[in-house]
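Work through the exercises below with the model open. Each task is followed by a solution in steps.

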Amino acid sequence: MIHSQLHSLIVFFGGLGLFLSSINRIGAHSIQLGGRRLRQTLARHTSNPALSPLAGTTLGALVQSASGVTAILVGLVVAGVINIPSALSMMLWANIGSSALVLVASIDLQVLGLAILGIAGIWLYFDQSGPEPRRAALEALFTLSLLLLGIGLMHTGTEGLSGGDTLEPASAAAGIASEIKLWIVHIAGASALLGLIFGAIAAIVTQSASGTAITIMAAFQAGLMPFGAAEMVVTGAVLGSGLSALVVGLVTRRGSQRMLQVFQGLTKIIGMALLLALLLLERALDLRLIGTAIAWLTTTPNRQLALLYLTCEASPLLVHAVTGRWVARALEVLAPPAPGESLAHPRFIYPEAVSDPELALLLAGREQRRVAQLLPGALPNGTPPPDAADIPPAQVGAIGVRLAGEIGLFLASVAGSPLTREQTDLLANLHNRNEVLRNLHETLADLTRTIQEARPYAAAAALANALAEGVGALLMCVDDAAQSEDPFDVDLLLQLSSDRGDVVDGMRRRVIGAEGRSDPDSQQAVYIMTSLFERTVWLIQRYANQLRSSPPKA
Amino acid sequence: MAEKILTPKGRLDSATAAAFETEFMAAADSGADRLLIDFSELSYISSAGLRVVLKAAKRMQSKGGRVALCSLGPQIAEVFEISGFSSLSIFSIHSERDSALAALR
């Protein structure tokens, strides 16, 4: 009897480990698997209001984490794929999607998990050199099977544990297990408030309300806590997820992330407050409310807990439907938009334009000129365009890299369309220019960092200042040539970006001589700074050459 | 043939570049086709200042005129060297005002 119960406890413990490690990995696999296609699909679905709930629910079911869903939606908003209202709507529906796993966990899926594990595992073994998308899909399936197996093992373990009313304390191990059981029952089951706090803390620590709910359902099945306490822990888990989102939102800098987190937190907390009030009223006054409705749908206690979880996750939708206007006003105060976010959105390119290559190349050229326009603002004391005036150089550079990345993906999509010879030449030229611009922004980010690191050393700091001003002027000329594509400006840029080997040697000798040989940190700063300067000039020359050899203005 | 000499003072940066631009535009509009920019009283030039100098040179060249620069201090000469402005053919750079004026004539 003792061995049997210890065995069940270990099975439960192993299943819990498998489940918790898989639930984190499954979201990452889903994101990796989705990539650009996922973003395009989401953009298409959210542009149709009727499909937005479906897209949100699917996203929640795939990612299984409110913070994971928020991270994806923030990325989509910042990239300009979806707008804020769509993101808020999808976030509400993603809560419902995240309940899918809890509903699945209320039925035994161990056999299904084993079957998928066998297929995916064997396929992965024999398909080691297969294409990356297929391997990513198989790995996602493999992780899903581990997750289902984990849930199945927790079921098996809890069935074994619930076989006896108590563990016999005849051995030390069984005694400890019995103590753990009593401790959990005591903490979570002592009162509704303690159960609620227990669930909230567990969800905050594990960053997964659904994971907490599934674990508690297994613990209830094992007889570790009464149904009423399990109800409170499940409710507390969703409340904890809302509290966590609100706190993260309020400590986040302004912008989409803060807005989405605060929205998630506010709607969940308000929804849970209302739901809790109804649950407690139902208990105190013996009314027929939520619990009665759930009991009418299913008589199986574990499924009742799963449906309660679904109700909790659906409550923010109801809150938003009733209080949407006030929540929007609260968001304006608590989470105003960040400067620079709109700057990071592509303003010209959009996925549907790919079907018209001539238009697509025109738009890509315009978008690329925006990336060039950001260059002078990516250096300290630079001259950014007016809409980037309040943004720090590092952020301007990051926006430049992000936009160039978007343009690169867009051009890759255009390459898949039938093109004329002129269009192919223009595409190749735009692609080369784009690579140079992206490299330039990355190099400038390194140069900016090195310039700041050189500040403590007098002679190196003077050189850093001169470099910032000199390179700043060069970047303005890049912008001028990119905007006009005038042959005179392009020739000027070619002259300005001539080889600087002698200049760099002279700078190194002068500064290192002034600082003396005793300061290796200063010497290193000067070498890195001047090397990055040489690379910047070389990239500018490559860009000028691309402008000179470009077909008529894109 | 008219000649104009501009002598910017102190700092030529984003705060003062607009005023200097107005000054050289007025000079260009007054009919001058030879412009000398004397840097002897300038202690600092930023990227915004360099851009205005280049703009002045482009403006004069578009009118068929010429630009010369002179008396660049060490900081200004270094920024010119780094930016590549010292290798541009759109203007000539001289150590003394007299040699610059002689080159313009």
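Helices (H or I, at least four residues) and strands (E, at least two) are DSSP runs, numbered from the N terminus. By that rule chain B has 4 helices and 6 strands. The model is a predicted one.

**Exercise 1. Chain B in outline**

Task: Give the order of the elements of chain B from the N terminus on, then describe its burial and contacts.

Solution: 
- Step 1. Read along the chain. The elements of chain B run β-β-α-β-β-α-β-α-β-α.
- Step 2. Turn to burial. Of the 105 residues in chain B, 40% are buried.
- Step 3. Take contacts in chain B between residues at least 6 apart in sequence. Residues at least 24 apart account for 81% of these contacts.

**Exercise 2. The sheet of chain B**

Task: Work out the strand order of the open sheet in chain B, and find its edge strands.

Solution: 
- Step 1. Start with strand 1 (residues 3-6) of chain B. It is joined to strand 3 of chain B by 4 bridges, and the two run parallel.
- Step 2. B:Glu3 stands opposite B:Arg34. B:Ile5 has B:Leu36 as its bridge partner.
- Step 3. Move on from strand 3. A set of 5 bridges links strand 3 of chain B to strand 5 (residues 66-70) of chain B, again in parallel. Here B:Leu35 faces B:Val67.
- Step 4. Name the edges. Strand 1 and strand 6 (92-94) of chain B each pair on one side only.

**Exercise 3. Around strand 3**

Task: Why is strand 3 of chain B described as largely enclosed?

Solution: 
- Step 1. Count burial. In strand 3 (residues 34-38) of chain B, 4 of the 5 residues are buried, so the strand is largely enclosed by the rest of the structure.

**Exercise 4. Where chain B touches chain A**

Task: Describe the side of chain B that touches chain A by residues, elements and class.

Solution: 
- Step 1. Count residues. On chain B, 16 residues are in contact with 16 residues of chain A.
- Step 2. Assign elements. Helix 2 (47-62) and helix 3 (74-83) of chain B each give two or more residues. Helix 3 gives the most, with 6 residues.
- Step 3. Sort by class. This side of chain B has 5 nonpolar, 8 polar and 3 charged residues.

**Exercise 5. The nonpolar cores**

Task: Which residues touch the most other members of the largest nonpolar core?

Solution: 
- Step 1. List them. In this core of 102 residues they are A:Ala364, A:Leu467, A:Cys477, A:Val478, A:Leu493, A:Met529 and B:Leu35.
- Step 2. Find the main contributor. Helix 18 (residues 458-484) of chain A supplies the largest share, 15 residues.
- Step 3. Inspect A:Met529. Beyond its neighbours within four places in sequence, its contacts are A:Leu447, A:Thr450, A:Ile451, A:Ala454, A:Ala464 and A:Leu467.
- Step 4. Look for another core. A second, separate one has 85 residues, including A:Ala94, A:Ala218, A:Ala245 and A:Leu307.

Conventions. Residues are numbered from 1 along each chain as its sequence is written. Chains are lettered from A and ligands numbered from 1 in the order in which they are written. This is a predicted model: local features need pLDDT of at least 70, side-chain atom pairs count only at pLDDT 80 or more; totals for chains, interfaces and linings use all residues. Two residues are in contact if their C-beta atoms, placed from the backbone, lie within 7 Å. Ala, Val, Leu, Ile, Met, Phe, Trp, Tyr, Cys and Pro count as nonpolar, Asp, Glu, Lys and Arg as charged, and the others, Gly among them, as polar. A nonpolar core is a set of buried Ala, Val, Leu, Ile, Met, Phe, Trp, Tyr and Cys residues joined through C-beta atoms within 7 Å. A residue is buried if 20 or more other C-beta atoms lie within 10 Å of its own, exposed if 12 or fewer, and partly exposed in between; C-beta atoms are placed from the backbone. Two strands pair if DSSP finds at least two bridges between them.
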